[in-house]
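Welcome to a guided tour, taken one selection at a time. Please open your viewer and get ready to click along.

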Amino acid sequence: MEKSITSLNPLVDKALKKNPFDFTDDAEGIKSYLNELLLDKNLLLAFELIIYIELKIQVEFEVYKDRFINSLLDIVMQHKINNEQDKIPSFFDNFLLRHMREGDPNALKAYEWFRSIYSSKVNRFKDYQIRSEENCIYSNHPRTNGMSVVLSQGTHGVFTWKDHIVFKSVFDLAIYSMLLEELKPDVIIEIGSGKGGSAVWLADMTKILGLKSQIYSYDINKPDFSYPNVNFIEFDLNNLNDNIDFPENKNWVGSKLIIEDAHENISKVLNKIDSKVGAGDYLIVEDSDGKQKELFNFIKNTKNTYLTDQHYLDLFGRNGTSATNSIFKVV
Ligand SMILES: C[S@@+](CC[C@H](N)C(=O)[O-])C[C@H]1O[C@@H](n2cnc3c(N)ncnc32)[C@H](O)[C@@H]1O
């Protein structure tokens, strides 16, 4: 059925029904309605309005269409800078604004990119398969910038925390810090402890945020130190089977953040996880470029529904994370 937003704003429908669509008479009304939606934080409807107008403007007015749609995107951009960021543009905003002012063809590409990246926030949760088939508008690759992710664990050394080495991308550290605050997990399950630094960092972050999260961190080689709220558990993931489960899994009680970072026996690991998660929990599969086949099979056959969280996946450019298309929310 065709979507109508008449009931929300008769003015928009009235304007669009006019033949020809009259930009001069109706544009200001539509723009002020878009502004109202943005101020009400109704981003979804704001974007639906833009799509609706785009579909409705008749083909013979194609020349004006881009110009008008881009003038609506200008309003969204100004809202982002002025209202969401208290009038302070980011590097990315300035980059886009520079191109938007330069004129074709860079301007059109900048608008297209802004629209695509902002819709990761608006349409936050997306089916894994659909998302996997899409590329970044700028790079035409799954990632905006593969090299920035390659560099993001460190180069002459890796990121350290309290003298522990941590094998996390700086993008992922930022994403985890935001997600922890949002999710407030009761338990964090880390599969692959490494040298233990990531569990220490997670424990400190949850403490700073006033959470009482317990961390269960599994590895075939257990780190040789202890730390408050961290439970290092020695376990070979290859031992998982129908009868053998994660040790201490009975303690995984409450909301969960699960981080798969061992890259071993992935299908069995994910299936065990699937039997233990519920709506609202998060599963992050790190370093997932080489795990997409396993992920595809997993998502197809799971007990739960997992949707990719584009808000975090694309915050630092499309797939600006080690977890390519694999930050999942259980819904
Ligand atoms: C990339 S590291 C984990 C890094 C850590 N999460 C961090 O961010 O610092 C992968 C870990 O998986 C562990 N691992 C590999 N095979 C395993 C297995 N069969 N069972 C359990 N752990 C395994 C390795 O010992 C290694 O410590």
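Start by selecting Leu307 and Lys329: Leu307 stands opposite Lys329, which belongs to strand S10. Keep in mind as you look around that this is a predicted model. The strands behind this pair are S9 and S10 (residues 327–330), which run antiparallel and are joined by three bridges.

To see the bridge partners, show Phe125 with Asp309 of S9, then Lys126 with Thr308 of S9.

**Into the middle**

Select strand S7, residues 256–260. Five of its five residues are buried, so the strand is largely enclosed by the rest of the structure. Turn the view to see both faces, which are covered: Lys256, Ile258 and Glu260 lie on one side, Leu257 and Ile259 on the other, and all are buried.

What pairs with S7 here? One partner is S4, parallel to S7 over five bridges. Pick Ile188 and you will see Leu257 of S7 opposite. Strand S8 (residues 282–285) is also parallel to S7, with four bridges. For that pairing, pick Ile258 and look across to Leu283 in S8.

**A helix across the strands**

Centre on Ile215 now. Setting aside neighbours within four places in sequence, Ile215 contacts Ile188, Glu190, Ala199, Leu202, Ala203, Asn229, Val230 and Asn231.

**The nonpolar cores**

In soluble globular proteins, nonpolar side chains tend to be buried together. Here, the largest nonpolar core has 47 residues. Which of them touch the most other members? Select Ile191, Ile215, Ile258, Tyr282, Leu283 and Ile284 to see them. Then move to a second, separate core of 21 residues, with Ile30, Leu38, Ile50 and Ala110 among them.

**Around the ligand**

Select the ligand and the 18 residues around it; Phe167, Gly192, Gly194, Ser198 and Ala262 come nearest. Colour this shell by class and you get five nonpolar, seven polar and six charged residues.

**Zooming out**

To finish, show the whole protein chain, which has 13 helices and ten strands. Its C-alpha trace spans about 70 × 45 × 35 Å along the principal axes. If you colour by burial, 34% of the 331 residues in the chain are buried. And if you draw the contacts between residues at least 6 apart in sequence, 66% of them join residues at least 24 apart.

Conventions: Residues numbered from 1 in each chain as written. Predicted model: local features only at pLDDT ≥ 70, side-chain atom pairs only at ≥ 80, totals over all residues. Near = placed C-beta within 6 Å. Nonpolar A, V, L, I, M, F, W, Y, C, P; charged D, E, K, R; others polar. Core = buried A, V, L, I, M, F, W, Y, C linked by C-beta atoms within 7 Å. Buried ≥ 20, exposed ≤ 12 C-beta atoms within 10 Å, placed from the backbone. Contact = placed C-beta atoms within 7 Å. Pairing = 2+ DSSP bridges. Helix = DSSP H or I, 4+ residues; strand = E, 2+ residues; numbered from the N terminus.
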